[in-house]
Structures are given as C-alpha cells and as structure tokens.
Amino acid sequence: MTRRPLIAGNWKMHGDCAWTQSYLEQLLPQVEANGPEVVVCPPFTALAAAAVIVVGSPVALGAQNCHWEDKGAFTGEVSAAMLAEVGASWVLVGHSERRQYFGETDETAVSRAAAAQRARLGAILCVGETLAQRQGGETLAVLERQTRGLGGLDPARLAIAYEPVWAIGTGHNATPSQAQQAHAFLRQRAREHFGDEAARHLRILYGGSVKPGNVAELLAEEDVDGALVGGASLDVAGFSAIIQAAAGRMTSTR
Ligand code: PGA
C-alpha cells in the first residue's frame with residue numbers, strides 16, 4: 001500500500017503571532033490539497049492566530065505538547081481538549097527536548113498521546129536514541145522500550161517520529177539506511193501491538209536535520225513515510241521544498 005506522506009514542522013520556541021501570520025500566508029498558496037499531509041506546530045500562544053489563517057486550507061495545526069490529564073490542578077499545563085478547541089488537530093508528544101529538559105519519560109509520553117487521542121487529536125509520538133546509546137549498540141533496545149506502551153493507543157490517530165537525538169539540530173542527519181533500519185523495527189513493533197493491517201497504514205516519520213537537500217533520499221526508503229522538521233521548517237521556501245519532495249515520492253513508482 002502507499003501511505004500518504006506526512007510532513008510536520010516543529011517550530012519549537014520560535015514564532016510570535018505576527019510572524020506566524022506572515023509565514024502561513026506565504027506557505028498556504030504552495031500547499032496542494034491532494035499532496036502530502038502538512039502540519040505546522042507553532043508555540044501554544046500562536047495557535048489561535050494560526051487557526052484563523054489555515055481554516056479551510058489543506059494545512060493542519062499541531063501543538064508541541066499536551067498534558068496527560070483532561071483537566072485539573074496542573075499549573076502551566078495545557079490539555080488536549082484545549083488544543084482541539086483552538087483548532088489543533090495534531091500534537092507532538094515525547095519530543096527528545098521534553099525528555100532531556102523537562103523530565104518526560106516513556107510512560108508520560110504515551111499517556112500524553114492517549115490524552116490527545118481522547119480529545120480526537122492525532123498524536124505524533126517521538127522516539128529515538130542518544131549518541132551514546134547508538135555507539136553502545138542499544139538503538140533498537142531503546143526503541144523497544146520507548147514503544148512498550150503503544151498497545152494503549154489508537155493506531156488510527158497516531159504517527160511515530162523516529163528522531164535520533166544526535167541528529168536533532170546538529171546538521172548530521174541519519175543516513176537513509178540507518179533511518180530505514182529503525183523505521184522497519186518500529187513498524188514491526190506496531191505490528192506486534194496493532195496487527196498487520198494497522199501497522200501497514202501507520203506513518204513513521206523521520207526527524208533530525210531534515211533539509212530540502214536530504215529529504216528525498218530519506219523518503220525513498222520503504223518505511224520512511226514523512227518528516228518531522230525543526231530548523232528547516234522555519235524557512236517557508238525550505239519547508240515548501242520539503243513538501244514538494246514528499247509530493248514527488250507520492251508520484252514515484254515505489
Ligand atoms: P531539526 O529538529 O530538524 O532542527 O534537527 C527536528 C526536531 O527536533 O523535531
């Protein structure tokens with residue numbers, strides 16, 4: 001089967017409302033309804049401004065995190081329902097920066113994904129090994145641990161992003177064969193939890209120094225179904241070029 005590529009831009013802590021508006025006004029004319037699925041993930045504070053612009057367009061909005069409870073005394077947190085209310089349809093969970101700086105664990109990441117799905121959002125669950133873990137030959141063991149909770153999730157509202165920590169923001173992307181090896185393992189994990197059919201439909205994105213110049217060769221791999229793009233997504237022309245490369249993958253004969 002052919003999975004529709006998913007290209008998501010993770011703006012991280014960049015983008016005020018005015019910048020968001022101008023960015024999206026430039027991006028929208030370049031995104032085709034029948035092309036790859038396109039998601040932009042601005043900071044929480046720009047979601048409402050972004051929603052006004054993307055409404056009715058093929059560009060979907062994602063948030064960068066959500067809490068695992070639906071409501072309660074959790075000062076500073078944002079629930080998935082709140083994100084849905086302002087127009088988000090996706091949310092990133094378990095990003096390595098959340099794991100590194102904010103105490104995210106494999107368990108909390110999956111709990112957040114479950115909360116997102118309860119609010120009818122799609123969850124993009126981020127996983128990936130550190131450099132030390134790769135050098136220690138632990139990559140697949142780490143991915144196995146990070147996907148233990150998959151069985152509690154709905155595969156229909158899920159994407160997995162394989163983001164090796166050593167490739168994020170470093171300019172050193174994984175090679176296509178390193179990505180494919182990890183993605184094939186993740187699809188096998190999905191098969192174990194969800195069965196063959198759902199695993200076949202699941203999009204597994206690659207993230208970590210994706211750029212217009214390297215995305216085509218990554219997407220050419222059998223199990224690489226899209227990209228989660230950080231730095232390069234902040235430039236409209238670069239992000240559009242990445243979307244175009246994914247559109248090319250849809251029409252290729254692979
Ligand atoms: P990068 O970030 O593209 O800047 O490496 C990817 C990410 O953190 O999702």
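1. A backbone N or O atom of Ser 209 lies 2.7 Å from an oxygen atom of the ligand, and a ligand oxygen is likewise placed 2.7 Å from an N or O atom in the side chain of Lys 12. For Gly 230, a polar backbone atom is 2.8 Å from an oxygen atom of the ligand. With the ligand taken alone as the reference, 280 Å² is exposed, and the protein buries 95% of that (Shrake-Rupley method, 1.4 Å probe).

2. This is a predicted model, in which local features need pLDDT of at least 70 and side-chain atom pairs count only at pLDDT 80 or more, while totals for chains, interfaces and linings use all residues. Residues are numbered from 1 along each chain as its sequence is written, and side-chain values use heavy atoms, with hydrogens and water left out.

3. The ligand is surrounded by 13 residues (a heavy atom within 4 Å), the closest being Lys 12, His 95, Glu 163, Gly 169 and Ser 209. By class, this shell divides into four nonpolar, seven polar and two charged residues, where Asp, Glu, Lys and Arg count as charged and Gly is placed among the polar ones.

4. Five aromatic pairs are found in a search of the whole structure (ring centres within 6.5 Å; planes under 30 degrees apart are stacked, over 60 edge-to-face, the rest tilted). Trp 11 and Trp 19 have ring centres 4.9 Å apart and planes at 85°, so the pair is edge-to-face. Tyr 162 and Tyr 206 form a tilted pair, with 6.3 Å centre to centre and 55° between the planes.

5. Trp 11 counts as buried at 0% relative accessibility, whereas Trp 19 is partly exposed at 31% (buried is under 20%, exposed over 50%, partly exposed in between; 1.4 Å probe, protein chains only).

Key: Polar contact = N/O pair within 3.5 Å; in protein donor to acceptor, adjacent residues only side chain to side chain. Phe/Tyr/Trp six-rings, centres within 6.5 Å; stacked < 30°, edge-to-face > 60°.
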